[in-house]
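Q: I'm new to this structure and would like to learn how to read its pockets. Can we walk through them together?

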Amino acid sequence: MKVTVVGAGAVGASCAEYIAIKDFASEVVILDIKEGYAEGKAMDLMQTASLNGFDTKITGSTSDYAKTAGSDIAVITSGIPRKPGMTREELIGINAGIVKTVAMSLIEHSPNVILIVVSNPMDTMTYLAHKVTGLPKNRIIGMGGALDSARFKYRLAEALEAPISDIDGMVIGGHSDTGMVPLASHATRNSIKVSEFIKEDRLQQVVEDTKVGGATLTKLLGTSAWYAPGAAVSALVQAIACDQKKMFPCSTFLEGEYGLNDICIGVPVILGKNGIEKIVDIPLSDAEKAKMKESAEGVSKTNGLLDV
Ligand SMILES: NC(=O)c1ccc[n+]([C@@H]2O[C@H](COP(=O)([O-])OP(=O)(O)OC[C@H]3O[C@@H](n4cnc5c(N)ncnc54)[C@H](O)[C@@H]3O)[C@@H](O)[C@H]2O)c1
């Protein structure tokens, strides 16, 4: 199993590290445009192998896509992250050009690759990858919901004063401060609805804190976060590489599911060796349906800024 990670920055390096530590891939290639940067990150990570006990071979490349040839899965993290006060949508101008070029270069050398798009605004970048590459929809996956759901579970565990392993919950919709739809009514602690443990206003606070989870960290860090994004990407890569058939909310091209068309947005999917093996159409309440519709309108508006 060969995995390429484009972008050796904060998220790319963190994702490569988690993939290596889990030791399910034989090879990880990190590629960056910055001279020597990916090679340096790869060498540094390889020097953790004997300490962390993995055999995954990590190599770096400065813009040489020949080294990525034959990749089964490729992750696109190249592009600029947001600074405090910025929205993800403001990154579109620079990141659209980068994602387009990177996606085409990856497929040229790995025609059977499954692409995972991370660069923001992620739903629009996933849509762009879909439009420019013409790959079947099961092979283009946007990562956002897996991260947002992890942040939702973190906030729920905090509010319930419970261990995170007791908590289950999911965030669908667009990967943006206003577009996320945390499914509070479906969230549980050991299969019991969380509303049995906390009051409605506290649950609403959890929902709001989840939606601005990325912005909260960007304010603290001065740039966007990397550990949880890297871990979320590595979980998707592992689900595909190990054919786990696990369910994650991912951004995928919709053709009527959830009443939406011609858009990539976060919905629950089953991930296995073919990428997105199934879109899971779960029943939503009227309020959740309305939020999903509003979220899709926001993503479509950003998609309208693309030149495709
Ligand atoms: N989808 C999500 O949930 C999520 C979460 C966190 C970050 N992000 C996004 O991921 C992206 C990366 O974030 P980061 O914090 O790692 O940024 P970063 O600046 O640390 O790293 C980005 C890297 O991309 C490289 N790069 C730029 N153009 C390139 C090109 N054409 N080819 C190859 N490499 C190129 C840069 O040299 C840099 O090393 C940002 O757009 C950020 O908003 C998404």
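Q: What do the residues of the lining of the largest pocket divide into?
A: In general, Ala, Val, Leu, Ile, Met, Phe, Trp, Tyr, Cys and Pro count as nonpolar, Asp, Glu, Lys and Arg as charged, and the others, Gly among them, as polar. Here the lining holds 18 nonpolar, 18 polar and five charged residues. Keep in mind that this is a predicted model, where local features need pLDDT of at least 70, side-chain atom pairs count only at pLDDT 80 or more, and totals for chains, interfaces and linings use all residues. Residues are numbered from 1 along each chain as its sequence is written, and side-chain values use heavy atoms, with hydrogens and water left out.

Q: What volume does the largest pocket have?
A: On a 1 Å grid over the protein atoms alone, a pocket is an open set of points where a 1.4 Å probe fits, with protein on both sides within 12 Å along at least five of seven lines; lining residues have an atom within 4 Å of a point. Grid points are joined across faces, edges and corners, and the volume is the space filled by probe spheres set on the points. For the largest pocket that comes to about 820 Å³. Its lining counts 41 residues, and Thr-77, Ser-78, Gly-79, Ile-80 and Pro-81 are the closest to the centre.

Q: Which element gives the most to the lining of the largest pocket?
A: Helices (H or I, at least four residues) and strands (E, at least two) are DSSP runs, numbered from the N terminus. In this pocket α4 gives the most, with six residues.

Q: Which residues does UniProt list for "binding site"?
A: UniProt positions are given in the numbering used here, and annotations may be inferred rather than shown by experiment. The unreviewed entry lists Arg-82, Arg-88, Asn-120 and Arg-151. The lining of the largest pocket includes Arg-82, Arg-88, Asn-120 and Arg-151.

Q: Is Arg-88 buried or exposed?
A: Buried means under 20% relative accessible area, exposed over 50%, partly exposed in between (1.4 Å probe, protein chains only). Arg-88 has a relative accessible area of 4%, so it is buried. You'll find Arg-88 in the loop between β4 and α4.

Q: And where is Asn-120 found?
A: Look in the loop between β5 and α5. Asn-120 counts as buried because its relative accessibility is 18%. Contact means heavy atoms within 4.5 Å. Leaving aside neighbours within four places in sequence, Asn-120 is in contact with Arg-88, Leu-91, Asn-95, Met-125 and His-175.
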